[in-house]
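Hello,

Here is the structure we talked about passing on. Please open it alongside this email, and then read the notes below.

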Amino acid sequence: MKLRDDEKAMLSGEAGPAVKWAIEHQLQVGRMFDAEDMVQVSQAHMMADPESLGEAGVNFTKKLAADGAKVCIPMITDPRGVDLSCYAPIGQNEDMANLERRFVAACQEIGIMMTNTCINYQTIMPPVFGDHVAYGDTGVVIYSNSVCGARSNFEGGPSALAAGLTGRTPRYGLHLDVHRQASRRYRVTKTPQDLMEWGVLGATIGRMAGSYWEVPVIEGIEAAPTSDQLKHFGAAMASYGSTPLFHIVGITPECRVLADVGGDILSVTEIDDNATATLKQPFNAKGEAVDVVVFAAPQLSLVEMGQLASLCGGRQRSETTDVIVCTSSQVYSDATAMGYISAIEAFGGKVLVGTCFYQQYAREIGEANGWVRLLSNSAKIVNILGGYGYQPALASMEACIASAEKGEIVQ
Amino acid sequence: MTTELRCHVGIGPTVEGIALVADDNFSARYDLDRLKGVFSRPQHKLYGQSYQDMILVLNTAKGGVATAWMLYEMTSRQIAPKAILFNQANTILAQGAALANLAMVDRFADGDVTQLITTGDHLRVIPAKGQVIITG
């Protein structure tokens, strides 16, 4: 890879051992993907929950901090794994909380802003068209690439951290025009209505595309979706397909017409009701008792919190069904002021701040609480949690609340 | 009798071990019980099998970014695969391999690696050369 003089200085250790590690790490990755040089990035966003980090990851980050690591660009964080204001009640223990505390302290020493959110594009500072960034969290990356027109690969925690320290990332993948052209073309016969349906459509396309290196272009969406709808659409697509970018004809900024992304020369696959029904079928558990209803993945926006609060009004969850809601601290304070938090809590729900359910020791909290049958309106979370010992089911937000009220799945 | 497979230059050290193969995808978060060292997702083709010290041969990566940290965490406890071979890695798996110093290669010249290699084959993986040798 061609390096500039300042990058060569980083490699030689002139900027300290932490930056030397960072650029060495980036060069290893860049070589694997044939990057020719580095590209400067304006922001970094790091996924690093304590379950993923373990002792090893926390100690690694503490060592970087002790070596004098300091970020040189704005760097923010994905949801944490422990809500330190509420962990014992959901079955997390002191060891988990202490691991979280140690990691947060190291991040703060490095200068990372602990925003703890996977909806930074709705709440913090969305990237702009053409903006090169180094984002973690697949949902953040796919939304930022597709809806904002920014440029990011999936940057895992270590690589996002490296980008925060060097202010750049290897120029490969979605930093290059050639990898942003469509490679799969889909035509939707029915525009989804609610968030769950948008997630199912995204999941269906993600599973069909099936690779990080495929870029779907989608026709047939009749009107501009909302930010929340595209949030669920993209997060589910990324979850099922490891997909980092999609285009929607006439809606997303790189694709005013099909030919803009090369979609006009691709053969079309139709996505009909059968395709989405096939995706949903394993998550149908109508009539079964439900242990926990989860609203998360991605964290809820203020609008979603308002919708949820409205559905909760005047109702009460079943004693046998817990309700967990995950949102960011930025949304939480507004939702408190709007009365949404009190409405959800009056229903019997618990709102966790700065975490996301699947990132907070999902296996352990499931075992601690006896949660097996889980219901959510997130197509992403039901895809993830099967490997954690849950029996996940999928329903609309309205049906999730009705199920929590009855104690069994109503749809 | 040995067979040499060519692939893209990868990441990590030269290693030898036994292949565990499936025409399926991979995510450490979605598919593994990392404490027990087994595939735990019921729908995965390697469900119930131990991956410890095996050379995994799979199609591609799936899902989220957590695998980057998780590979490092797994190798620190020495309950990890020796190497992972893909038809196509994604960025997260490569980044995780770099941090964990785990051998990883992809993009095989001779076709679908999940068909070229069989579970139980003895392999030598040489990422720096983009080479995998089936030694038995």
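**A helix pair in chain B**

In this predicted model, helix α2 (residues 67-76) of chain B and helix α3 (residues 91-100) of chain B have axes that come within 7 Å and cross at roughly 30 degrees. Angles under 35 degrees count as roughly parallel, so α2(B) is roughly parallel to α3(B). Their crossing is right-handed. On the α2(B) side, the contact is made by T67(B), A68(B), M70(B), L71(B), Y72(B) and T75(B). On the α3(B) side, I92(B), L93(B), Q95(B), G96(B), A97(B), L99(B) and A100(B) take part. By class, this contact has nine nonpolar and four polar residues, and no charged ones.

**Where the chains meet**

The contact between the chains takes 33 residues from chain B and 31 residues from chain A. Which elements of chain B give two or more residues to the side that touches chain A? They are α1 (28-31), α2 and α3 of chain B. The residues on that side of chain B divide into 15 nonpolar, 13 polar and five charged.

**The sheet in chain B**

Seven strands of chain B form an open sheet. Their order is β1-β9-β8-β2-β5-β6-β7, and the pairing is mixed. Strands β1 (3-6) and β7 (103-105) of chain B are the edge strands, and each pairs on one side only. Neighbouring strands of this sheet are turned by 30 degrees against each other on average, direction ignored.

Look at one pair inside the sheet. Strand β2 (residues 15-21) of chain B and strand β8 (residues 122-126) of chain B run antiparallel and are joined by four bridges. In one of the pairings, E16(B) has R124(B) in β8(B) as its bridge partner.

D53(B) lies in the loop between β4 (38-39) and β5 (55-60) of chain B. It counts as partly exposed, because it has 16 C-beta neighbours inside 10 Å. Leaving aside neighbours within four places in sequence, D53(B) is in contact with G17(B) and K82(B). D53(B) and G17(B) are 36 residues apart along the chain, yet their C-alpha atoms are separated by 7.3 Å.

**An enclosed helix in chain A**

Now to chain A. Helix α6 (residues 138-148) of chain A has 10 of its 11 residues buried, so it is largely enclosed by the rest of the structure. The buried ones are T138(A), G139(A), V140(A), V141(A), I142(A), Y143(A), S144(A), N145(A), S146(A) and V147(A). What covers them? The cover includes β2 (44-46), α5, β4 (134-135), α9 (227-241), β8 (247-248) and β10 of chain A. Just after α6(A), G149(A) takes a positive phi of about 80 degrees.

I23(A) sits in helix α2 (residues 17-32) of chain A. Is I23(A) buried or exposed? I23(A) counts as buried, because it has 25 C-beta neighbours inside 10 Å. Not counting residues up to four places away in sequence, I23(A) touches E7(A), M10(A), L11(A) and T166(A). I23(A) and P170(A) are 147 residues apart along the chain, but their C-alpha atoms are separated by 9.3 Å.

**Backbone points to check in chain A**

Most residues other than glycine have a negative phi, and most peptide bonds are trans. Here are some exceptions.

- N116(A) is not a glycine, but has a positive phi of about 55 degrees. N116(A) is in the loop between α4 (94-110) and α5 (120-123) of chain A. N116(A) is buried, with 23 other C-beta atoms within 10 Å.
- Y361(A) also has a positive phi, near 55 degrees. Y361(A) is in the loop between β12 (349-353) and α14 (362-369) of chain A. Y361(A) counts as buried, with 23 C-beta neighbours inside 10 Å.
- The peptide bond from A297(A) to P298(A) is cis, with omega near 0 degrees. P298(A) is in strand β10 (residues 292-300) of chain A, and β10 is among the elements that cover the buried residues of α6(A).

Best wishes

Methods. Residues numbered from 1 in each chain as written. Chains lettered and ligands numbered in written order. Predicted model: local features only at pLDDT ≥ 70, side-chain atom pairs only at ≥ 80, totals over all residues. Axes fitted to C-alpha atoms, helices over the stretch in contact; angles between N-to-C directions. Parallel < 35°, antiparallel > 145°, perpendicular 65-115°, else oblique. Left-handed = near helix turned anticlockwise from the far one by under 90°. Contact = placed C-beta atoms within 7 Å. Nonpolar A, V, L, I, M, F, W, Y, C, P; charged D, E, K, R; others polar. Buried ≥ 20, exposed ≤ 12 C-beta atoms within 10 Å, placed from the backbone. Pairing = 2+ DSSP bridges.
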